[in-house]
Amino acid sequence: MQMSDNQCCNVSVRFGKLFFTLIFSLFFSQNVVATSIETTHDASESHVTSGSESSEHGHGQAHDMHDEKEGFDPGKMIMEHIADAHDWHLWGEGDHSVSIPLPVILYTEENGVSIFSSFNFHHGHAAYEGFKLNHEGVIAWEDESNTAAIYDFSLTKNVVAMLIGSIFLMVLVVKMARHYAKNTGKAPKGIYNLIEPLILFLRDDIARPTIGKRADRYMHLLLSIFFFIFTLNLFGLIPVFPGGANVTGNISITMVLALVVFITVTLSGNKYYWKHIFMPDVPVWMYIIIIPIEILGVILKPFVLMLRLFANITAGHIIILGFFSLIFIFGNMNPGLGYAVSPLSVAFTLFMSLLELLVAFLQAFVFTLLSSIYIGMAVEEHH
Amino acid sequence: MQLVTPAIGLVFWMLVTFSILLFILKKFAWGPILGSIKDREDSINQSLSQAEQARNEMAKLQGENEQLLAQARQERDAMLKEAREMKEKIVGDAKSVAEDEAKKIMSRASDEINKQKSAAMDELKKEIASFSVQIAEKLLADTLANNEAQQKLISHHLNELTQKAQA
């Protein structure tokens, strides 16, 4: 973690920032004090020299950022929150931010594998081992003329959030399995009373009606997909660590999930499924139109799965953050206005958060239902 | 654009994590959980069908019991009826036997009486005859020389008398 003070800010932003900090650091009261002291310090000195850790390059970039940050930019803030990052932002803004540095793992043909902490980038102000963070937070060559590919296998915020969510899920359901093994034939207890209806719902109302008698073979996959999405959706709604990461709203994650479904559907497709695609019951001359459409459909189905989950969850995060940003947009005009808007903004955010709880379940459910239907279409027996 | 561009690192880690997750959950979570849910469902279904069976058996047993009871009642009634009939028969038999016996005794008694009466009559006749003879002898001892002729006359008369009395 790092806190440096090399940026000035105007008074109106300061109030908004203070409120933002208050909201996001309810659990970290120590830091609230620290940040407020620092911001007053900033106000008294209009120009502060960079910290000793920052390199010459970082100092220059800080000045660029300073120019950008004259006003509050909600778009930038929101995008930073929903995008992946190489450190886990906890609280504070810009160079005052406190974050957990995460390991960076890079592979380049030139340097081979290099592993180091994202701390070395100093929030994008410093370059390290010839790499730097560009303004989107993506790792690039320090030497901008170098165009060689960088394969970034870093344990980013989303990777770590996904690992935390997965471990949480694993521990929960493996414990559940142990509990069940110990209490054979007895009714479930506690939290398992919440999980079991979901499992039964998935089995009896999703898998069995859509897939039919072969449903039980796909239950493992469907349950894993459902609980993975549901858990990470819920974790994403927690505003502070270990939540807040927009994992299921990341296209890479949804792409892999959709890919898993696509592979499963393709591998379980029976002869009727393939016949329907390559030899449909239409006049032969229509094959030239039908076959490309069918093939397109096969690819489009998982593609839509990928987009739907990504768009819904990202949209939810954007709306919640957008309502929050209202405070600072108005606060930028006039601090009083910012305070006046804040209750409304908090109320809207609360409402959206509750709606997102529903969406968290709904999107996990829809993804699983559609996966189940696609698998059902692949294994359906025609007569 | 970064938002809709899949990142190779994230895809890689997601593939690794999700594969491990699928494997572990299948082996240690969903398998056992679905298994025990199925076991529980089976045992509940079995218990229900067993309860149903037991209830049917109970009903059957109850029906059988009732049948048995009805049969027993019928048998008891039949036995009672038989007993009553037997009693009546025995009583009737006894009555007829007694009547026969009584009739026999009566007839025997009347026979005896008749016999005794006739014997007594004969005795009486003899007695009366001898008395009469004696009386007549006494009365007519002197007057009647021929005793035998007298005797004949008297018995002739006595016979007439007895025949009159019997008629």
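Biologist: How many bridges join strand 3 of chain A to strand 7 of chain A?
Modeller: Two bridges, and the strands run antiparallel. Strand 3 covers residues 103-108. Strands (E, at least two residues) and helices (H or I, at least four) are DSSP runs, numbered from the N terminus. Two strands pair if DSSP finds at least two bridges between them.

Biologist: What are these coordinates, and how do the numbers work?
Modeller: This is a predicted model, where local features need pLDDT of at least 70 and side-chain atom pairs count only at pLDDT 80 or more, while totals for chains, interfaces and linings use all residues. Residues are numbered from 1 along each chain as its sequence is written, and chains are lettered from A and ligands numbered from 1 in the order in which they are written.

Biologist: Back to strand 7. Which residue stands opposite A:Tyr151?
Modeller: A:Tyr107.

Biologist: And how many bridges join strand 3 to strand 4 of chain A?
Modeller: Six, again with the strands antiparallel. A:Pro103 has A:Ser117 as its bridge partner in strand 4. A:Val104 has A:Phe116. Strands 3 and 4 form a hairpin, with three residues between them.

Biologist: What order do the three strands of that open sheet take?
Modeller: 4-3-7 in chain A, with antiparallel pairing. Strand 4 (112-117) and strand 7 (151-152) stand at the edges with a single partner strand each, so one side of each has no neighbour in the sheet.

Biologist: New topic. Where does helix 7 of chain A bend?
Modeller: At A:Leu221, by about 30°. That is the angle between axes fitted to the seven residues ending there and the seven starting there.

Biologist: How far does helix 7 reach from its first C-alpha to its last?
Modeller: 32 Å, for 23 residues (215-237). That is close to the 33 Å expected, taking 1.5 Å times one less than the number of residues.

Biologist: How many of its residues are buried?
Modeller: 18 of the 23, so helix 7 is mostly covered. Buried means 20 or more other C-beta atoms within 10 Å of the residue's own; exposed means 12 or fewer, and partly exposed is in between, with C-beta atoms placed from the backbone.

Biologist: A:Phe330, then. Why does it count as buried?
Modeller: Because A:Phe330 has 22 C-beta neighbours inside 10 Å. A:Phe330 lies in helix 10 (residues 287-333) of chain A. Beyond its neighbours within four places in sequence, A:Phe330 is in contact with A:Leu337, A:Gly338 and A:Val341. Contact means C-beta atoms, placed from the backbone, within 7 Å.

Biologist: How many residues does the contact take from chain B and from chain A?
Modeller: 30 from chain B and 37 from chain A.

Biologist: What is the secondary structure of chain B?
Modeller: Two helices and zero strands. Of its 167 residues, 8% count as buried.

Biologist: Last one. Where does pLDDT stay under 50 in chain A?
Modeller: Over residues 1-69. pLDDT is the predictor's confidence in each residue, from 0 to 100. Chain A averages 78, and 80% of its residues score at least 70. Where pLDDT is low, predicted coordinates should not be read in detail.

Note on methods: Contact = placed C-beta atoms within 7 Å.
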